[in-house]
Amino acid sequence: MAKIKRTGIDSEYYERSLREYLAQKGLRCTQERVMLLRAATQCPTLFTLEDLQGQTEKMGPFAVTRPTYYNALNLYQKAGLVTSFRSRGQTVYQLTPTDMRIRCLTVCTRCNAAKAVKAKNVDEAVRHVSTRGFSVRTPIVYLYGLCLRCYQEELKQQQSSCKKEK
Ligand SMILES: [Zn+2]
């Protein structure tokens, strides 16, 4: 995944919220559950399970199985701490923003590179979307397409396949 530099992630907030959620649900606050969330706060803004695995391994020699990652990510989503979407057959995760500021992300459907973009007027437009009877918790606007590199690569591929046809 393309790396987006994180700014001002309050990892304590996520950890505290996780502990509260686990206590509320009567679930055990295991070391893995806390540790993987901590690793998630160190990941790029958008990350895959593999990114989280890589980040966790960087933090120390932990023996965490793939199902543990999967279960932890599901738990964080239930707790509202992580949001996910599908892109090109894989699940892409991100920490749920802690404020209600509207965010706009471009996502490349070829390489999954994601970039936070400034979106003049999007904020206002989204606020005008009729969401009556629906409580918005994660106001993120995703724009899918191709990044410059993938666009150029696709163009090259198209050109070379055209030549072959001749
Ligand atoms: Zn791309």
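**Before you start.** The model is predicted: local features need pLDDT of at least 70, side-chain atom pairs count only at pLDDT 80 or more, and totals for chains, interfaces and linings use all residues. Residue numbers start from 1 along each chain as its sequence is written.

**Stop 1: helix H1.** Select residues 11-25. This is helix H1, with 15 residues. Helices here are DSSP runs of H or I with at least four residues, strands are runs of E with at least two, and both are numbered from the N terminus. From first C-alpha to last, H1 reaches 21 Å, close to the 21 Å expected at 1.5 Å a residue. The expected span is 1.5 Å times one less than the number of residues. Now step to glycine 26, which follows H1 and has a positive phi near 70°.

**Stop 2: H1 against H2.** The axes of H1 and H2 come within 10 Å and cross at roughly 150°. Axes are lines fitted to C-alpha atoms, for helices over the stretch in contact; angles run from 0 to 180 degrees between N-to-C directions. H1 is therefore roughly antiparallel to H2. The classes are: under 35 degrees roughly parallel, over 145 roughly antiparallel, 65 to 115 roughly perpendicular, the rest oblique.

Show side chains next. Ser11, Tyr14, Glu15 and Leu18 of H1 meet Arg33, Val34, Leu37, Arg38 and Thr41 of H2. Contact means C-beta atoms, placed from the backbone, within 7 Å. The contact residues divide into 4 nonpolar, 2 polar and 3 charged. Nonpolar covers Ala, Val, Leu, Ile, Met, Phe, Trp, Tyr, Cys and Pro; charged covers Asp, Glu, Lys and Arg; the others, Gly among them, are polar.

**Stop 3: H2 against H4.** H2 contributes Glu32, Arg33, Leu36 and Leu37, while H4 brings Thr68, Tyr69, Ala72, Leu75 and Tyr76. This contact divides into 6 nonpolar, 1 polar and 2 charged residues.

**Stop 4: the sheet.** Switch to the strands. An open sheet of 3 strands runs in the order S4-S3-S5, with mixed pairing. Strands pair if DSSP finds at least two bridges between them. At the edges lie S4 (114-116) and S5 (140-145), each pairing on one side only. Neighbouring strands are turned by 25° against each other on average, direction ignored.

Finish on S3, residues 103-108. It runs antiparallel to S4, joined by 3 bridges. Pick threonine 106: lysine 115 in S4 stands opposite.

Note on methods. Two residues are in contact if their C-beta atoms, placed from the backbone, lie within 7 Å.
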